[in-house]
Amino acid sequence: MDKSVLYGLSYGMYVVGASDAGRPVGCIINTCIQITSDEPVLAVSLNKNNYTLSAVKRTRRFGLSVIAERTDRSIIPIFGFQCSRDCDKYAAYGYDSLRGVPLVKGCFAAVSYTHLTLPTNSRV
């Protein structure tokens, strides 16, 4: 992993992407924090009612696309106000697949997590 990506994390907009039976799903989040740097660990927060979260829980994998300030602002209503269950959010932007998870094409930076560990006290 290129750890320089961690230096660019700040309050911002991100797309969490997952695979739902081979179909890319995703949502906008604004909460991503670095927990450790030696063995990089990030914490992200998704709404417990979000369809993307259900795909992450099933596959235990997700991708995090860091959205640049210059990114087309239409990404926010597409990934933020629609449900992946009902539409292909990636159709307008395209995506790259890294370790089986979708990452928004042209994003500022991206991270792929596999073998995700959920907190034991998680209510999701």
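Okay, let's start on the surface: I33, I35 and V41 make up a nonpolar patch there, and together they have about 250 Å² of accessible area. Keep in mind that this is a predicted model. V41 sits in strand β4, residues 41–44. So is V41 buried, partly exposed or exposed? It's partly exposed, because its relative accessible area is 36%, and buried would need under 20%.

Zooming out to the whole protein chain, we've got 3 helices and 8 strands. Going along the sequence, the pattern reads α-β-β-β-β-α-β-α-β-β-β. Out of 124 residues, 40% count as buried. The chain exposes about 7,400 Å², and 51% of that comes from carbon and sulfur atoms. As for contacts with a separation of 6 or more, 62% are between residues 24 or more positions apart.

Now the sheet. Which order do its strands take? It's an open sheet of 4 strands, β2-β1-β5-β8, with antiparallel pairing. At the edges you find β2 (23–29) and β8 (109–113); each has a single partner strand, so one side of each has no neighbour in the sheet. On average, neighbouring strands here are turned by 20° against each other, direction ignored.

Let's look at one pair inside it. Strand β1, residues 14–20, and strand β5, residues 62–66, run antiparallel and are joined by 4 bridges.

Definitions and conventions
Residues numbered from 1 in each chain as written. Predicted model: local features only at pLDDT ≥ 70, side-chain atom pairs only at ≥ 80, totals over all residues. Heavy atoms only, no water. Pairing = 2+ DSSP bridges. Helix = DSSP H or I, 4+ residues; strand = E, 2+ residues; numbered from the N terminus. Axes fitted to C-alpha atoms, helices over the stretch in contact; angles between N-to-C directions. Patch = residues over 30% accessible without salt bridge, like charges linked within 9 Å, V, L, I, M, F, W, Y side chains within 5 Å. Areas by Shrake-Rupley, 256 points an atom, 1.4 Å probe, with all protein chains shown as cover. Salt bridge = Lys/Arg side-chain N within 4 Å of Asp/Glu carboxyl O. Buried < 20%, exposed > 50% of the residue type's maximum accessible area, 1.4 Å probe, protein only. Contact = heavy atoms within 4.5 Å.
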